[in-house]
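Work through the exercises below with the structure open. Try each task before reading its solution.

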Amino acid sequence: MLRIVALRQRPLASVHARQAHSVTKAGTSTDIAVKSSTNAGNTTVALAKPGGHGRRVQPKWNPNSMRTGLIARKRGMMALWDDLGVRFPVTVLQLENCQVTANIKSVRRDQSEYHAVQLAASDKPRKNTTLAMAGHFRQAGVAPKRIVREFEVSPDAHIPVGTTLNAIHFVPGQFVDVVANSIGKGFQGVMKRWNFKGLRASHGVSKAHRSAGSTGAHQDPGRIWPGKKMAGRQGNKRITTQNLSVIRIDTQLDLIFVKGHVPGVDDAQVLIKDAKKKMICLGKAAYEKGLSDKILPRGLTDLPFPAGTDKMAKLYPSIIETLSQRITSPFIPRE
């Protein structure tokens with residue numbers, strides 16, 4: 001939490017910088033336009049990375065592309081205010097030296113190809129690493145890591161081994177899905193676990209006010225059906241929170257601010273991916289219908305592809321933030 005407090009006291013280099021990615025790639029060059037909204041007015045800053053000739057042309061993002069996700073740590077929650085003065089909660093996620101350790105390609109039984117990118121994050125001491133994993137990390141040219149995860153990608157989204165990914169991989173204004181283990185609450189009764197009403201609190205009930213009541217049936221079937229809601233262990237399950245909006249990114253501290261809550265305890269490892277419903281499925285449907293303006297959320301024209309790296313982050317301001325999606329101010333009375 002000390003890191004979050006320090007961030008709130010830090011002056012913003014570019015306030016309300018709205019990133020409308022306009023990415024054009026030729027060779028290894030990347031041209032990206034960032035729209036900045038400041039007190040003096042709207043300005044457009046075009047930052048370009050010089051590239052050489054004769055190099056392999058990098059693939060460009062399209063609606064059929066599937067990018068890799070990221071491994072981050074949940075640092076906690078805080079509050080932000082948009083440009084209209086509306087307060088909303090955000091969860092702070094931080095990348096810890098997230099690097100590519102392998103590119104995977106295999107053939108399934110139905111002869112279709114499976115492509116994936118293996119990522120590892122959070123450095124740990126060499127003495128605490130097994131010999132097998134130490135050799136794997138040494139072959140990839142990265143330091144030993146605490147967590148290794150695999151993300152399915154499209155064939156054109158492979159990333160060179162050893163590449164360090166940055167928070168700029170996700171664009172402010174887009175939607176993401178966050179996967180993590182929920183907080184474990186131990187063995188709980190049916191009222192807390194399943195929101196049961198419970199038995200009567202007065203007449204006719206003797207010291208069984210919070211019990212589940214009758215759970216069985218008649219002689220037929222003579223058993224409890226599988227999946228019956230009963231008392232048991234609650235929490236500590238893999239949960240996916242979908243369609244969270246990315247509000248702000250910090251490329252220097254590798255911070256990602258998402259609107260809303262994320263499963264898991266503070267400092268837990270979480271997986272962040274492009275939202276399956278609001279990004280991938282809607283983008284493909286709009287692309288098939290020829291609606292080019294609805295392939296990405298409003299204000300976005302492109303995504304970093306195949307991934308947002310630390311080298312790409314040097315082309316941008318340290319803090320990039322999306323503008324409010326509200327059209328009118330909630331503090332102004334309607335006529």
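**Exercise 1. The enclosed space**

How many cavities of 30 Å³ or more does the structure hold? Find the lining too.

Solution. The model is predicted.
- Step 1: count. The structure holds one cavity of 30 Å³ or more.
- Step 2: take its volume. The largest cavity has about 90 Å³.
- Step 3: Trp61, Pro63, Ser65, Met66 and Arg67 line the largest cavity, together with Asp274, Met279, Ile280, Gly283, Lys284 and Leu303.
- Step 4: assign the lining to elements. Helix 4 gives the largest share, four residues.
- Step 5: The lining of the largest cavity has six nonpolar, two polar and three charged residues.

**Exercise 2. An open space**

Solution. 
- Step 1: The lining has 20 residues, and Met66, Glu152, Lys273, Asp274 and Lys276 are the closest to the centre.
- Step 2: find the elements. At least two lining residues come from each of strand 9 (145-152), strand 10 (175-181), strand 13 (238-250), strand 15 (269-274) and helix 4 (276-289).
- Step 3: look back at the cavity. Met66 and Asp274 are also on the list of residues that line the largest cavity.

**Exercise 3. A sheet and its edges**

What is the strand order in the open sheet of three strands, and which strands stand at the edges?

Solution. 
- Step 1: read the order. The open sheet runs 7-8-9, with antiparallel pairing.
- Step 2: find the edges. Strand 7 (99-107) and strand 9 each have a single partner strand, so one side of each has no neighbour in the sheet.
- Step 3: From one strand to the next, the twist averages 20 degrees.
- Step 4: inspect one pair. Strand 7 and strand 8 (residues 113-123) run antiparallel and are joined by eight bridges.
- Step 5: pick one bridge. Val100 has Leu119 of strand 8 as its bridge partner.

**Exercise 4. Cysteines**

How many disulfides does a search of the whole structure find? Then classify Cys98 and Cys281 as buried, partly exposed or exposed.

Solution. 
- Step 1: recall the bond. A disulfide links the sulfur atoms of two cysteines covalently.
- Step 2: search. The count is zero disulfides.
- Step 3: take Cys98. Its relative accessible area is 0%, so Cys98 is buried.
- Step 4: take Cys281. Its relative accessible area is 42%, so Cys281 is partly exposed.

Note on methods:
Residues numbered from 1 in each chain as written. Predicted model: local features only at pLDDT ≥ 70, side-chain atom pairs only at ≥ 80, totals over all residues. Heavy atoms only, no water. 1 Å grid on protein atoms, 1.4 Å probe; cavity = no way out; pocket = protein on both sides within 12 Å on 5 of 7 lines; lining within 4 Å. Disulfide = S-S within 2.5 Å. Buried < 20%, exposed > 50% of the residue type's maximum accessible area, 1.4 Å probe, protein only. Pairing = 2+ DSSP bridges. Axes fitted to C-alpha atoms, helices over the stretch in contact; angles between N-to-C directions. Points joined across faces, edges and corners; volume = space filled by probe spheres on them. Nonpolar A, V, L, I, M, F, W, Y, C, P; charged D, E, K, R; others polar.
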